[in-house]
Amino acid sequence: MQTFQTLLLREWMQHGRRWWLIALIPLVISLLALQFGQVQLGEDDHVVATLLLTSCVYAAVMASVGWGVAYIQSGGMARRDWQDRSIEFWRSLPVPDASAVGATVLMHLVLLPLLVMALAVPSGLVVGLMVVARGFGWSALAGVPWHEVAAVVGVGALRLLLGSLLISFWVAPVALLTMAAAAWLKRWGVPLLWILWGLGGTILAKVYGLPQILDTVQTFAQRAGSALLPLRGRQDVLSALVQPQPDLSGLPALLGQDALQRLQELASGWAAVAVLLSALGFALVFHFHREGIEFLSQVLRG
């Protein structure tokens, strides 16, 4: 366990500062833009709706940015130690190959995106408050039903953090297979993988009537999108928010029901497919890591 924690610490020491910047620079830019720019809101806009929607959209956008960075980085993670030859150092330590690969995957596909979401939630609330203050005036904040807003924000924060973990689950198959492709095929791996998914999946669907590949990628994307955006497609909730006197009392329960629905998706056949593909991708990365270390050891001994 101590070895695994050390491996996680290594990833944090190498990449933690970059992720802090990813999470905080957009907040600083947004606040500066709101402070020195102009915010124009329509006559039909409402204080509570503007506050909650702005906060949620900001958190969702930041989570998307974090996941975009995580996916782009994942292509180079498998060959990182090989390229800088630090693998020689790690091979000299009693570090199991599974732990070395598992720590990289856990940190970059779960913990760092979760950090971005954890910082994006309060940052989004700050941005939402600034938008309301600049658009309606600071006096408008006095009329906000803060006890109801606090309940919605609290439950919404938990829902967004859960969503980040669920995104990790649904994105893991694609990210791990991307890591494996980049490891075994170098720079050609990722383009070939997407050509296989896109062109190959289209040919199988259109010519041979086998849409499984396209359906799999599409389903994973839809499940990740539903995990990212609470109550997506619920027009009744949006209509309730834009009322002159919005009733927020039922919103925490709706967010809880949405979270339960997202968790129930883990009991589906698609979740089993995600687990199998993730296991395949992890096994391929693990095998490359082990074979690469053994090959390098033979070269050094030779």
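**Charged pairs, helix packing and rings**

Author: Asp 258 is buried, with a relative accessible area of 6%, where buried means under 20% relative accessible area, exposed over 50% and partly exposed in between, using a 1.4 Å probe and protein chains only. Before going further, this is a predicted model, in which local features need pLDDT of at least 70 and side-chain atom pairs count only at pLDDT 80 or more, while totals for chains, interfaces and linings use all residues. Residues are numbered from 1 along each chain as its sequence is written, and side-chain values use heavy atoms, with hydrogens and water left out.

Reader: Ok, which residue forms a salt bridge with Asp 258?

Author: Arg 159 does, with the closest N and O atoms 2.7 Å apart; a salt bridge here is a side-chain nitrogen of Lys or Arg within 4 Å of a carboxyl oxygen of Asp or Glu. Arg 159 lies in helix H6 and Asp 258 in helix H10, so the pair ties together parts that are 99 residues apart in sequence; helices are DSSP runs of H or I with at least four residues, strands are runs of E with at least two, and both are numbered from the N terminus.

Reader: And is Arg 159 buried or exposed?

Author: Arg 159 counts as buried, at 2% relative accessibility.

Reader: At what angle do H6 and H10 pack?

Author: Helix H6 (residues 146–185) and helix H10 (residues 251–264) pack at an angle of about 10 degrees, and their axes are 9 Å apart. The axes are lines fitted to C-alpha atoms, for helices over the stretch in contact, with angles running from 0 to 180 degrees between N-to-C directions. H6 and H10 are therefore roughly parallel to each other, since angles under 35 degrees count as roughly parallel, over 145 as roughly antiparallel, 65 to 115 as roughly perpendicular and the rest as oblique.

Reader: Which residues make the contact?

Author: With contact meaning heavy atoms within 4.5 Å, H6 contributes residues including Val 152, Val 155, Arg 159 and Leu 162, and H10 contributes residues including Leu 255, Asp 258, Ala 259 and Arg 262.

Reader: Back to the charges, how many salt bridges are there in the whole structure?

Author: A search finds 5. One of them joins Glu 265 to Arg 262, with the closest N and O atoms 3.0 Å apart, and another joins Glu 265 to Arg 223 at 3.9 Å, N to O. Glu 265 lies in the loop between H10 and H11 and Arg 223 in helix H8, so this pair ties together parts that are 42 residues apart in sequence. Both Glu 265 and Arg 223 are buried, and Arg 262 is buried as well. Arg 159, Arg 223, Asp 258, Arg 262 and Glu 265 are linked in a network of salt bridges.

Reader: Switching to rings, how many aromatic pairs are found?

Author: The search finds 6, counting rings of Phe, Tyr and Trp (its six-membered ring) whose centres lie within 6.5 Å, with planes under 30 degrees apart called stacked, over 60 edge-to-face and the rest tilted. The rings of Trp 194 and Trp 197 have centres 5.0 Å apart and planes at 80 degrees, so that pair is edge-to-face. Both lie in helix H7 (residues 189–206), 3 residues apart, about one turn of the helix.

Reader: How accessible are Trp 194 and Trp 197?

Author: Trp 194 is partly exposed at 39% relative accessible area, whereas Trp 197 is buried at 13%.

Reader: Which rings are linked into a cluster?

Author: Ring pairs link Phe 169, Trp 170, Phe 220 and Trp 270.
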